[in-house]
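Here is a short briefing for a first look at this structure. Keep the sequence and the 3D view at hand while reading.

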Amino acid sequence: MPKHPKVIITCAVTGAIHTPTMSDGLPITHDDIAHQAIEAAEAGAAILHLHTRDPEDFRPSVEPEHYSAILARVKQSTNAVVNITTGGSPTMRIKERLKAAEHFSPEMCSLNMGSMNFAFHPLVVNGQKTWTTLGQHANMIFCLVRTDPEAKQQEGISFLLIDMNTPGIEVRPIILLDGSPEVNEVWFTDVKVPVENLVGQENKGWTYAKYLLSHERTNIAGVGFSQAGLAAVKRIARAETQNGRPLIENPHFAARVAQVEIDLRAMATTNLRIISKAAAGGAPGVEASMLKVKGTVIRQEINDLARRAVGPYALPFSSEAVEGSNDLLPDPHGAGPVAAQYFNNRKLSIFGGSNEIQRGIIAKVKLGDGR
Ligand SMILES: Cc1cc2nc3c(=O)[nH]c(=O)nc-3n(C[C@H](O)[C@H](O)[C@H](O)COP(=O)(O)OP(=O)(O)OC[C@H]3O[C@@H](n4cnc5c(N)ncnc54)[C@H](O)[C@@H]3O)c2cc1C
């Protein structure tokens, strides 16, 4: 056994997995790929494992025309063995993978063996994410970050998990009218995120976000909140009087209670149907938008009925009551949080995607683009 066993050094200079956002050092132009391949050969690489990229958008390419300039320069300047890749995405057919190798007949084509020394550079995040609910308590945050500035609006976005303790993250509270920092701005300055924190494929983040949002929207419908809220409204309206009669007997008030109860029962049944369908696999589709709109309109109506039912008891402001303290202001209905909930829940028709946008989604799916 020789003391120093012979080694053959192979170098793939650009590859097909790495993207320009992962490293400034990644060669993506034909000029740079050729230049780095030649430098690799001068540094001792015996085999140059070549990939190429489309000069328009720098995505990996299998087109012979995107190899020609690189191969010409490499052949002219080195004696290295040229190995044209036959790698590619799992969705590519063998014929596509072999396209350049068949065209140029290099000394070798892809050899999948031995170890690969991938250099995974961190992604660097700069920017701001506002309205981050309870972000002050979070140890992780997920962000949708733009990784391809050239791509269309909802493409070129990636889904990243970021540790909130990473240097460069600053959480700035947004103090609301009731004095609480329920939401925050989170600022990112040169935040380095390990590439293994990328969820799924780069630039496919919006697809994953839509999946999550369909669950979030179903949740915002808040059937349980509404059922409890409606029961409280009825209890208060039986105790409160108007013109000597229980408020619940006021025809206008009773009609509103009846209408919201009908809507809530119908929505609760629809909710169960949608959840049981999703439990069998998959996620709710456009139904999530429907639940979000209907559920939040119902929740806001119940908040309004509660505010109407407790009347002047809603006036005093008690931050302890908002927090759910037992030490409530002296009123017969525990009305302390009613006004605060009424105002706080204005958010319901905004967050998770505003109700106007949800109505647009429903119309698009059900009526099509040509409506
Ligand atoms: C209290 C609160 C908490 C939040 N928490 C979080 C959080 O934790 N994480 C997070 O990521 N985000 C959070 N958000 C952000 C929230 O998801 C967005 O504010 C919401 O989706 C609306 O988006 P926008 O602010 O960009 O408004 P836009 O979408 O710009 O809407 C502005 C206005 O224009 C209307 N509008 C816009 N486009 C159309 C259209 N095509 N047709 C008709 N009307 C239109 C809207 O209905 C709205 O009235 C929170 C927001 C609030 C208010």
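**Briefing: ligand shell, domains and sheet**

With 14 C-beta neighbours inside 10 Å, Trp131 counts as partly exposed. The model is predicted.

**Two residues with positive phi**
- Trp131 sits in the loop that links β7 (123-129) and β8 (140-146).
- Trp131 is not a glycine, yet its phi is positive, at about 60°.
- Asn243 is not a glycine either, and it has a positive phi of about 50°.
- The loop between β13 (241-242) and β14 (245-246) holds Asn243.
- Asn243 has 7 C-beta neighbours inside 10 Å, so it counts as exposed.

**Around the ligand**
- The ligand is surrounded by 13 residues.
- Trp131 is among the closest, together with Thr133, Lys347, Ser354 and Glu356.
- By type, the shell splits into five nonpolar, six polar and two charged residues.
- Helix α10 (residues 355-367) contributes the most to this shell, with three residues.
- The ligand lies between domain 2 (123-203) and domain 3 (206-367), because both give residues to its shell.

**A three-stranded sheet**
- Three strands form an open sheet in the order β8-β9-β12, and their pairing is antiparallel.
- β8 and β12 (198-199) are the edge strands; each has a single partner, so one side of each has no neighbour in the sheet.
- Strands in a sheet pair through backbone hydrogen bonds, in a parallel or an antiparallel manner.
- Two bridges join β9 (residues 157-163) and β12 in the antiparallel sense.
- Phe159 has Val199 of β12 as its bridge partner.
- Helix α4 (residues 205-220) packs on this sheet and touches β8, β9 and β12.
- The direction of helix α4 makes about 70° with that of β9.

Technical notes
Residues numbered from 1 in each chain as written. Predicted model: local features only at pLDDT ≥ 70, side-chain atom pairs only at ≥ 80, totals over all residues. Near = placed C-beta within 6 Å. Helix = DSSP H or I, 4+ residues; strand = E, 2+ residues; numbered from the N terminus. Nonpolar A, V, L, I, M, F, W, Y, C, P; charged D, E, K, R; others polar. Domains from an automatic or database assignment. Buried ≥ 20, exposed ≤ 12 C-beta atoms within 10 Å, placed from the backbone. Pairing = 2+ DSSP bridges. Contact = placed C-beta atoms within 7 Å. Axes fitted to C-alpha atoms, helices over the stretch in contact; angles between N-to-C directions.
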